[in-house]
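Hi everyone, thanks for making time for this. I'd like to walk you through a few spots in a structure that may be new to you.

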Amino acid sequence: MSKSNRVSEHLRQFAKHQPCTLRLPGICSDDAGHETTVMCHLSIGMRGVGMKVNDLFSIHACHTCHDALDRRRTDYEVDEGDVLRALCRTIDLRMKAGLIQVKGMQQ
């Protein structure tokens, strides 16, 4: 798979200023303008410098939730349930915006 198949500038730009979909209790700093929200790639088996998964496998997170997800914070352990809920919220936002379409699915 070429790098161009893994990167979507549309998804990356859409993530900016969207609500944080990770919403970690006691950590999330999502504000009304969603100023710090960015696309955060999920760690699904690929680790290493410069290695990222397909942009489709990402969520929207504010800077404090992103830090917790990437383990730059040691005071919160993100669990799989947090990530799964965030992925579902993110997919829903992308579908409503028309960025993801499923063949044959009614809107």
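Here is a question to start with: which backbone oxygen does the side chain of threonine 64 reach? Keep in mind as we look that this is a predicted model.

The answer is the backbone oxygen of isoleucine 27, at 2.9 Å from the side chain of threonine 64. To find the spot on your screen, go to helix H2, where threonine 64 sits. Is threonine 64 buried or exposed? Its relative accessible area is 11%, and buried means under 20%, so threonine 64 is buried. If we set aside the neighbours within four places in sequence, threonine 64 is in contact with Ile27, Cys28, Ser29 and Arg73.

Now let's turn to the backbone, and to two arginines. As a bit of background, most residues other than glycine have a negative phi. Arginine 23 has a positive phi, near 50°, and is not a glycine. You'll find arginine 23 in the loop between helix H1 (9-15) and strand S1 (38-41). With a relative accessible area of 45%, arginine 23 is partly exposed.

The other one is arginine 71. Here phi is positive again, at about 65°, in a residue that is not a glycine. Arginine 71 also belongs to a loop, the one between helix H2 (63-69) and helix H3 (80-96). And how does arginine 71 count, as buried or exposed? Its relative accessibility is 56%, and the cut-off for exposed is over 50%, so arginine 71 counts as exposed.

Definitions and conventions
Residues numbered from 1 in each chain as written. Predicted model: local features only at pLDDT ≥ 70, side-chain atom pairs only at ≥ 80, totals over all residues. Heavy atoms only, no water. Helix = DSSP H or I, 4+ residues; strand = E, 2+ residues; numbered from the N terminus. Buried < 20%, exposed > 50% of the residue type's maximum accessible area, 1.4 Å probe, protein only. Polar contact = N/O pair within 3.5 Å; in protein donor to acceptor, adjacent residues only side chain to side chain. Contact = heavy atoms within 4.5 Å.
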